[in-house]
Amino acid sequence: MNKKAVEAENAKIEIEEILDKCKDLTLTGSFCPVFKVLREETVSPRGIGTQLKQGIYEKVVFDCTLCGACELRLPREAKLCEAIRKARKVLVGGNIVTGK
């Protein structure tokens, strides 16, 4: 296994740990500028968190602007944007970059 593959696997574990701290993402949608415009559950913080937990990275990580608005309603240690950054690294590490 090469270095990028190992880093990608480590990032997946870190994503799970971060999402475990994001217990209630239902209250964060009203703060998300992408969700406000598109009105699609898949781009809401809850939708992104759900898909990341399922290991679905390529469909969601480039929809988020990483503005951090969703984190205003989460506990301090819950960093959804960090999980999304790590998911992007997983895609790059696995050479699966599919940006829009």
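1. Surface. In this predicted model, the accessible surface of the chain is about 6200 Å². Carbon and sulfur atoms contribute 53% of that area. Of the 100 residues, 40% count as buried.

2. Fold and dimensions. The chain holds four helices and zero strands. From the N terminus, the order of elements is α-α-α-α. The radius of gyration is 13 Å, close to the 13 Å that the globule rule gives for 100 residues, so the chain is as compact as a globular protein of that length. Along the principal axes, the C-alpha atoms fill a box of roughly 40 × 30 × 20 Å.

3. Contacts along the sequence. Take the contacts in the chain with a separation of 6 or more: 63% of them come from residues 24 or more positions apart.

4. Helix H1, length. H1 covers residues 3-21. With 19 residues at 1.5 Å a residue, H1 should span 27 Å; the end C-alpha atoms lie 28 Å apart, which agrees.

5. Helix H1, two faces. Which residues of H1 are buried? They are Ala8, Ala11, Ile15, Ile18 and Leu19. These residues cover an arc of only 90° around the axis, which puts them on the same side of H1. The face turned away from that buried side carries the exposed residues Lys3 and Glu16.

6. Helix H1, cover. What covers the buried residues of H1? The cover includes helix H3 (45-53) and helix H4 (80-93).

7. Helix H1, start. Look at Asn2 here. One of its side-chain oxygens comes to within 2.7 Å of the backbone nitrogen of Ala5, at the start of H1.

Conventions. Residues are numbered from 1 along each chain as its sequence is written. This is a predicted model: local features need pLDDT of at least 70, side-chain atom pairs count only at pLDDT 80 or more; totals for chains, interfaces and linings use all residues. Side-chain values use heavy atoms; hydrogens and water are left out. The expected span of a helix is 1.5 Å times one less than its number of residues. Buried means under 20% relative accessible area, exposed over 50%, partly exposed in between (1.4 Å probe, protein chains only). The arc is that of the directions from the helix axis to the C-beta atoms. Contact means heavy atoms within 4.5 Å. A polar contact is a pair of N or O atoms within 3.5 Å; within protein, one must be able to donate a hydrogen and the other to accept it, and residues adjacent in sequence count only if both atoms are side-chain atoms. The radius of gyration is taken over C-alpha atoms; the globule rule is 2.2 Å times the number of residues to the power 0.38. Accessible areas come from the Shrake-Rupley method with a 1.4 Å probe; for residues, only the protein chains shown count as cover.
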